[in-house]
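Student: Could we go through this model together? I'd like to know how the terms get applied.

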There are 2 protein chains.
Amino acid sequence: MSISRDNLRNVTPYTPGEQPQFAKKIKLNTNENPYPPSPEVEKTLVGLDADKFRLYPDPNTGLLREALAKRYNVTPDQVFTGVGSDEVIALCFQTYFNSGKPILFPEISYSFYKVWADIYKVPYKEIPLKEDFSIDPEDYKVPNGGVIFPNPNAPTSRLESLSMIEEVLKANPDVAVIIDEAYIDFAGEGTSALALLSKYDNLVVTQTFSKSRSMAGMRIGFAIASREMISYLNDVKNSFNSYTLNYPAIVCGAAAVEDEEYFRSTIDRIIETRDYAEKEFKDLGFTFSKPSANFLFVKKPGVPGEEIFKYLRSKNIFVRHFNTEKLKDYLRVTVGTREEMEELFREIRAFLAEK
Amino acid sequence: MSISRDNLRNVTPYTPGEQPQFAKKIKLNTNENPYPPSPEVEKTLVGLDADKFRLYPDPNTGLLREALAKRYNVTPDQVFTGVGSDEVIALCFQTYFNSGKPILFPEISYSFYKVWADIYKVPYKEIPLKEDFSIDPEDYKVPNGGVIFPNPNAPTSRLESLSMIEEVLKANPDVAVIIDEAYIDFAGEGTSALALLSKYDNLVVTQTFSKSRSMAGMRIGFAIASREMISYLNDVKNSFNSYTLNYPAIVCGAAAVEDEEYFRSTIDRIIETRDYAEKEFKDLGFTFSKPSANFLFVKKPGVPGEEIFKYLRSKNIFVRHFNTEKLKDYLRVTVGTREEMEELFREIRAFLAEK
């Protein structure tokens, strides 16, 4: 009366960043936004017509796609939405990566690429970063089944230039090149690969509402690409799961996009706090490359990352530490509020003084 | 600069029931509930703390799983939740159906089973129903990689007995047997296979908030099974997508489950209207097996289903017609409000009088 083992899929579960449940803590470990979403989101939420819940949501998320199209100056049929960029990228893997040739992505990168490749049986090759954590475009000029990398990269927070991305696009005209821009809004004007869309039909740019739009709890991600690439994505999605984004996500998502002013002001505050954090880390002798996301990836030469991590944790300050050979010296620290960062640096100073 | 074809997944997109956008219409084509969700859902929604949206939702949906566990008299670790039962069942396919042996499901059944089997490369065998649309348990006593069927079945609205289900379970002790109970709440007391859970560790029961709980727009589904079976499902889900249900879905879902009284009263109203519809269809010379879901699957001997379908559509009444050899004589008609059904029968009478 118990299922036999050979029916089961073997998996290695992912360990998400801790979600500590007690109240007095500083949470700088999952790259969430320290500020609430636009007040328009709350207004929209309170105004929702609960009677509409009885109906299936719009499977094409028209309202949200139109808001995004307007904001990013594309047509609605160039926009695809999903339950977080996790769902969007997983669908990209299923849609675009079927040639049997290995896809390419950086060895240090978003950890789910490998997981999706495994689960959807897509062969892949992980390409080491250069010493300074930058991507060498030469590595992507080999036969492949597609390319994906985050820009800025995670967990390094390092930004690649548009000219580097264009070099990769030029070398790979007949496969999908996906730029995962979860953190691009923190990288400054003119950094998004969306600027290259009109020239490259095989470019797919993915973004998320979880970071810059303070809506991790609503689960919204999207892709923007040529009409053709988006139509393939829709075909696959509609073949097996018509209704993904729920009604509150669609309408609150649209409301958030329409409040450009709030969006800009929140980003500005986070960048200001990041500048402060950079200066503090530098003063304390930490090394890091210039951060372009809402987190910093730092190390203190001579002090193991795990020691600082554990000390901070004992003070109820949660940052992220990755226990792998290449990353173990580092800490990934989300940019919180100014007050949270001041508290962080007070504790780091105390820790270093004790040593 | 355009992706070459051999990179792309070939799919046949699913066609969901029409979602007509104009206001004056009667929509009896997607088995939605004609009544709004519990007033507690609206209260919860209005009371939501928008500041919480900035944080990732609880990946384990504790609040919702606890409410469901209490309601169904199981422990929270026997409950798994997802974005509609579509996501839950798709995950079941990925988790339980890996032996390489064909899984079994009825030929006339929920159309997505075949789609998921194809997309996850699970071999399958479709078993014809008996003449009267019932399932013959003998057909499921052959070597297989798992079993799944809806109860009540769709689009037939026909209920199978618990003793028939137990016969299938007894014959298949070492594979997953999934009973897809999307419509079970309309089938009366004592019909759910949940009653068999304590005896069969390989039984998985899936249900949804989209029908009986009037929350199709919120996308919530769940599975209940032994602790062991649920743990396998969690392992697979957490290996590639940690955060699926969003924050409003988790808290509003819990609120809906807790309002048992409203739930019962809505179900009672729908069953009462279904009884009325049965009587009317019978009076008009339609034939059908006893409906146990919130829809009827009817045919009028001598009158092609498509003719009635098109006539009703011209009157802005939407029902569902399937254009396949075995189903083309039939119409699937969702139970709406009493007033909607009265309008439906007025139009059917007018149509038949014209003929």
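Predicted model: local features only at pLDDT ≥ 70, side-chain atom pairs only at ≥ 80, totals over all residues.

Student: How do you know that the same surface serves both copies?

Tutor: Look at the contact residues, where contact means heavy atoms within 4.5 Å. For chain B, 100% of them recur in chain A. Each side is counted too: 81 residues from chain B and 81 residues from chain A.

Student: What makes up the area between chain B and chain A?

Tutor: The size of an interface is often given as the accessible area lost when the parts come together. Buried area is what two parts lose on being put together, summed over both, using a 1.4 Å probe. Here that is about 7,200 Å², with 57% of it on carbon and sulfur atoms.

Student: Which helix of chain B gives the most to the side that touches chain A?

Tutor: That's H6(B), with eight residues. Helices here are DSSP runs of H or I with at least four residues, strands are runs of E with at least two, and both are numbered from the N terminus.

Student: How many salt bridges cross between chain B and chain A?

Tutor: Zero, by the rule. A salt bridge needs a side-chain nitrogen of Lys or Arg within 4 Å of a carboxyl oxygen of Asp or Glu. Over all chains, the count is 38.

Student: What makes A:Lys27 and A:Glu32 a salt bridge?

Tutor: Their side chains meet with N to O at 2.7 Å, and the limit is 4 Å, so the pair qualifies.

Student: Is A:Lys27 buried or exposed?

Tutor: Buried means under 20% relative accessible area, exposed means over 50%, and partly exposed is in between (1.4 Å probe, protein chains only). A:Lys27 is at 16%, so it counts as buried. A:Glu32, at 6%, is buried as well.

Student: Why is B:Asp283 called exposed?

Tutor: Because its relative accessible area is 51%, and the cut-off is over 50%. B:Lys279 is exposed too, at 52%. These two form a salt bridge, with the closest N and O atoms 3.3 Å apart. Both lie in helix H8 (residues 260-283) of chain B, four residues apart, about one turn of the helix.

Student: What makes A:Ser157 buried?

Tutor: Its relative accessible area is 0%, so it falls in the range under 20%. A:Ser157 is found in the loop between S5 and H5 of chain A. A polar atom of the A:Ser157 side chain lies 3.0 Å from the backbone nitrogen of A:Ala293.

Student: Where is A:Pro155?

Tutor: A:Pro155 is in the loop between strand S5 (147-150) and helix H5 (162-171) of chain A. The peptide bond from A:Ala154 to A:Pro155 is cis, with omega near 0°.

Student: Which residues touch the most other members of the largest nonpolar core?

Tutor: A:Leu203, A:Phe209, B:Leu203 and B:Phe209, out of 108 residues. A nonpolar core is a set of buried Ala, Val, Leu, Ile, Met, Phe, Trp, Tyr and Cys residues joined through side-chain atoms within 4.5 Å. Apart from it lies another core, of 64 residues, including A:Phe97 and B:Trp116.

Technical notes:
Residues numbered from 1 in each chain as written. Chains lettered and ligands numbered in written order. Heavy atoms only, no water. Polar contact = N/O pair within 3.5 Å; in protein donor to acceptor, adjacent residues only side chain to side chain.
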